Amino acid sequence: MSKIDVSIETDDKPAPPPKHPNTCPECHSHYRDDELERAQWVCAQCGHHFPMRAHARITSLVDEGSFYEESADLHSEDPLGFFDLRPYTERLAEAEMSTGLADAIVIGQGAIEGRGCELAVMDFAFMGGSMGSVVGEKFSRACDSAAERGVPLITVTSSGGARMQEGILSLMQLPKTVCAVEDLHDAGQAMIVVMAHPTTAGVLASFASLGDVLLAEPGALIAFTGPRVVEQTTREKLPEDFGLAEQNLRFGHLDAILERPQIRPTLGRLLRVFG
Amino acid sequence: MAPSEHELRLRERLSRLRNVPLLGGARLSGELERLQRQLDRIQQEPTSDDIWRSVELARHPERPYTLDYVGALLDDWFELHGDRGDGDDGAMVAGLGKLGDRTVALVGQQKGRDIQERTRRQFGMPYPEGYRKAMRVFEPAGRHGFPVISLVDTPGAYPGVAAEQHGQGGAIATSQLVMARLAVPTVACVIGEGGSGGAIAIALADRVLMQENAIYSVISPEGCAAILWRDAGEAKKAAAAFKPDAAHCLELGVIDGIVPEPAGGAHTDHVEAARLLGDSLREAIEELADVPGDELRRRRRAKFRSLGVYA
């Protein structure tokens with residue numbers, strides 16, 4: 001009766017306070033915003049790649065002043081009147097307020113090392129980078145814009161997968177974006193994909209896997225099914241680097257893993273190769 | 001806010017569905033009263049109980065599976081095995097046969113009837129090897145001009161360590177790309193569960209059909225409930241919210257037609273279910289048979305590229 005169950009005490013411990021977004025989850029170094037910005041959001045101590053917002057990413061890739069954004073005002077609708085614990089429209093509005101974006105992808109024209117290209121860059125901060133109708137449509141428009149202007153498409157992915165709140169229409173963005181890539185192929189243009197953390201589920205199972213060249217950032221999770229779900233459904237013991245870019249490279253699913261500062265020069269080289 | 005082009009198209013489609021007594025050109029096959037019943041169902045907004053009934057019927061253990069339909073509909077069936085790389089995935093069947101006097105290639109997921117077969121076929125959840133098997137059958141079908149039929153029946157692509165290491169995401173993407181490129185008529189029908197990426201991998205087709213009680217969804221009701229409600233027990237609520245039933249998929253323009261089932265569901269009468277499916281498949285292939293390959297590719301891509309609702 002007086003026996004004390006220590007496990008309960010352990011369970012009752014308050015969860016550790018959430019980490020500040022500027023604190024490195026690997027080595028716990030802490031940075032000011034301007035330090036991180038100057039370092040392209042890479043930890044100076046251990047090399048951890050912090051998530052990078054779409055516009056910051058574009059600025060780090062393109063020649064200064066060369067970016068011209070397209071279809072910035074495309075907004076999602078709520079085709080199902082979807083309501084889980086909160087209405088989808090409310091989640092959308094909140095994401096727009098907190099990110100300043102209309103949806104989880106930014107597309108537009110730019111130049112890298114003097115060579116024109118089209119860019120499609122995803123932003124994980126907008127509802128986990130999930131792909132709904134707007135992401136599908138804007139990615140497809142980026143393919144068309146690249147085809148019309150006769151330039152390659154550079155795609156940077158970061159997404160948890162399809163946006164459940166749009167139901168079956170979000171699944172239809174997989175074939176939609178695949179068809180857009182095939183139209184780009186017909187126009188004779190290349191696509192180069194850079195996979196940032198995380199590139200999973202519906203996005204990996206559609207356009208992200210279809211680049212002529214597939215690049216990834218170190219430590220990025222690149223998996224159709226993430227480790228938690230695999231573990232829960234199959235009770236398999238997972239290898240240590242399960243689903244990470246490093247494992248994907250070893251198994252032949254990527255061409256290279258690049259530290260963030262190497263990405264722009266590499267894209268410059270590839271644009272010359274495909275030019 | 002002005003209605004988007006897609007929305008206008010949807011409204012136009014709906015008004016057509018609601019006013020025309022016999023669905024012009026009848027992508028729905030069967031007798032008059034069956035069509036009328038179908039139409040009544042489309043006209044009524046399905047309730048959450050109707051939707052959940054579809055989920056249960058779509059997963060019914062006695063429901064006909066791909067090989068049941070193959071047996072009933074195709075003559076001279078010859079099953080093709082293996083992906084010519086790593087193995088032969090039991091969750092995906094593929095082969096050639098005659099539908100009437102036309103040679104077709106058929107691919108489809110296959111669940112198992114008993115526990116041994118279910119284990120061997122991973123409950124109809126393909127590995128990348130399964131999708132590569134489908135792709136390597138699409139290729140000669142395109143070369144020989146055989147129409148392609150896909151029967152979709154999967155809870156989803158297999159979520160395992162080896163599946164990831166063998167490139168599940170890439171296989172699903174490439175399979176869709178190969179289908180987008182095919183210059184032969186392609187017809188897909190969801191005959192049970194159309195589970196997410198595992199389903200769409202073989203469903204990028206000229207005509208996409210669903211059986212009356214099939215479901216087609218981006219995530220399983222349980223998975224959606226676990227993520228959004230943080231409780232897998234709320235599956236019924238989740239299903240009512242994301243509406244995976246055939247009537248809603250038709251309304252959203254995701255499918256082109258609904259294939260009727262015998263009253264009570266396909267499991268009650270396998271022979272009749274196969275007859276109805278066969279009618280719809282033949283009809284769809286007939287409609288596409290004389291369209292030139294380039295035009296098929298163009299229309300197919302335009303159709304999928306129009307899906308989505310935005311402003």
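Guide: A residue counts as buried if 20 or more other C-beta atoms lie within 10 Å of its own, exposed if 12 or fewer, and partly exposed in between, with C-beta atoms placed from the backbone. This is a predicted model, where local features need pLDDT of at least 70 and side-chain atom pairs count only at pLDDT 80 or more, while totals for chains, interfaces and linings use all residues. Residues are numbered from 1 along each chain as its sequence is written, and chains are lettered from A and ligands numbered from 1 in the order in which they are written.

Visitor: OK, which residues of α6(B) are buried?
Guide: Among them are B:Tyr131, B:Met135, B:Val137 and B:Phe138. Helices here are DSSP runs of H or I, at least four residues, and strands are runs of E, at least two, numbered from the N terminus.

Visitor: And what do they pack against?
Guide: The buried residues of α6(B) pack against β1 (75-80), β2 (92-99), β3 (102-109), β4 (148-154), α7 and α8 of chain B. Contact means C-beta atoms, placed from the backbone, within 7 Å.

Visitor: What comes after α6(B)?
Guide: B:Gly145, with a positive phi near 75°.

Visitor: Last one: what is B:Cys189 in contact with?
Guide: Leaving aside neighbours within four places in sequence, B:Cys189 has contacts including B:Leu151, B:Met210 and B:Leu281.

Note on methods:
Contact = placed C-beta atoms within 7 Å.
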